[in-house]
Amino acid sequence: MSEKKVNVAVAGATGAVGNQMIRCLEEMDFPARSVKFLASSRSVGRTLRYKGEVVAVEELKEDSFKGMDIALFSAGGGTSEKYAPCAAKDGCVVVDNSSAWRMDPEVPLIVPEVNPAAIAQYKNKGIIANPNCSTIQMVVALEPIYREYGIKRIVVSTYQAVSGTGKKAIDELFDQTRAMINFLSYEKKVYPHPIAFNCLPHIDAFLDNGYTKEEMKMVNETRKILEDDTIGVTATTVRVPVFFGHSESVNVETRKPVSAADVRALLEQAPGIKVVDDPLHNQYPLATDAAGQDLTLVGRIRDDESIDNGINMWIVADNIRKGAATNAVQIARVLVDDYL
Ligand code: A2P
């Protein structure tokens, strides 16, 4: 364990992920000498709590990072693009939760259970990217399979919680649900269609190839994290009326022969995973069980009887915790212990 202490900034501290980053710093007893909480000018005057202390929210500015060692960013892609280089210039390493830097070849894209050694590449630009929430939980479950059996192809469909869109989307699901069950009119501000009692096959913007950006993030980020561009990945990402916890149906075709029993045994030993797979007793991963904790739950592990080396599974994790804040704080912890 490190005796070192570092100065930590959180950019986007008032948001859904930023707030959870602060809670994770507390829960993981992060070796912070000082904390600085940054948001837009709208939040100046607000205070946040850290380990019983009241901390004033400051406006994010170009010089906010002087004297800071690590900055956790979750304030949107544009904000990261503009301010992450300012932090890096002042010697403050950025762990960025937006998609702004993820595919930059000089920026490592890290899931600590999967590719911790790549963290060393932070020295290129002073920036480390935190992957997309749906990608993180999928690669946590797939990396042990990739290492033992190789992976030829992944077919994934997601069932994603509204908290991934931020605080306004949490309010929208709540307000629409309440309005609809009372036969009242409702507003659509965040999503183009009602999210209450609905499933929207539309996450982030549509691209020319007919896929959404979220779907292509799962394709490209999975290959980058597993360092293997030969893996075929195809995704359908769907927003569902769940507050916290993303669920995924994943079909994986391996290169070597594999069985559901092999995969179950392998994942039972793997870091960051809890196998919940006792269907006869109605035990399988649920968003309501994943929410509020840090493990990736894997169950419904079955042989795909339609191909030679195929496995089906159901993977669930808390998108705000392991899918965002926890993963970022885990990266920061490795930085402190092994690099700074
Ligand atoms: P603020 O609360 O002041 O708007 P969420 O994803 O839950 O909506 O949260 C987004 C976070 O990013 C909030 O903390 C928000 O601060 C912050 N943020 C958004 N735009 C900016 C900006 N231009 N500069 C600094 N922080 C920003």
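**Figure 1. Two domains.** The C-alpha centres of domain 1 and domain 2 sit 25 Å apart. Domain 1 takes in 6–130 + 324–338, and domain 2 covers 134–319; these bounds come from an automatic or database domain assignment. Where the two meet, 18 residues of domain 1 are in contact with 16 residues of domain 2, contact meaning heavy atoms within 4.5 Å. Keep in mind that this is a predicted model: local features need pLDDT of at least 70 and side-chain atom pairs count only at pLDDT 80 or more, while totals for chains, interfaces and linings use all residues. Residues are numbered from 1 along each chain as its sequence is written, and side-chain values use heavy atoms, with hydrogens and water left out.

Figure 2. Look for lysine 217 in helix 5 (residues 213–226). Helices (H or I, at least four residues) and strands (E, at least two) are DSSP runs, numbered from the N terminus. Is lysine 217 buried or exposed? Lysine 217 is buried, since its relative accessible area is 16%; buried means under 20% relative accessible area, exposed over 50%, and partly exposed in between (1.4 Å probe, protein chains only). Leaving out residues up to four places away in sequence, lysine 217 touches Ser99, Arg102, Asn132, Thr135, Asp204 and Thr222. Glutamate 26, by contrast, is 191 residues apart from lysine 217 along the chain, and their C-alpha atoms are separated by 30 Å.

Figure 3. The structure holds 18 salt bridges, each one a side-chain nitrogen of Lys or Arg within 4 Å of a carboxyl oxygen of Asp or Glu. Here the side chains of glutamate 27 and arginine 321 meet in one of them, at 2.5 Å, N to O. Glutamate 27 belongs to helix 1 (residues 16–27) and arginine 321 to helix 8 (residues 321–339), so the pair ties together parts that are 294 residues apart in sequence. Glutamate 27 is partly exposed at 48% relative accessible area, whereas arginine 321 is buried at 9%.

Figure 4. Arginine 178 pairs up with aspartate 175 in a salt bridge, with the closest N and O atoms 3.4 Å apart. Why are arginine 178 and aspartate 175 separated by about one helical turn? Because they are three residues apart in helix 4 (residues 167–181). Arginine 178 is partly exposed, with a relative accessible area of 46%, and aspartate 175 is partly exposed too, with 37%.

Figure 5. Aspartate 277 is in the loop between strand 11 (273–275) and helix 7 (287–290), and arginine 264 is in helix 6 (residues 260–268), so the pair ties together parts that are 13 residues apart in sequence. With 17% relative accessibility, aspartate 277 counts as buried, while arginine 264, at 26%, counts as partly exposed.

Figure 6. A pair of aromatic rings is described by the distance of the centres and the angle of the planes. Rings of Phe, Tyr and Trp (its six-membered ring) pair if their centres lie within 6.5 Å; planes under 30 degrees apart count as stacked, over 60 as edge-to-face and the rest as tilted. By this rule there are four aromatic pairs. One of them joins phenylalanine 37 and tyrosine 50, edge-to-face at 6.2 Å centre to centre, with 75 degrees between the planes. Phenylalanine 37 lies in strand 2 (residues 32–39) and tyrosine 50 in strand 3 (residues 47–50), so this pair ties together parts that are 13 residues apart in sequence. Phenylalanine 37 is buried at 0% relative accessibility, and tyrosine 50 is buried at 8%. For tyrosine 159 and tryptophan 314, the ring centres are 5.1 Å apart and the planes are at 65 degrees, so that pair is edge-to-face. Tyrosine 159 comes from strand 8 (residues 151–160) and tryptophan 314 from strand 13 (residues 310–317), so the pair ties together parts that are 155 residues apart in sequence. Tyrosine 159 is partly exposed, with a relative accessible area of 35%.
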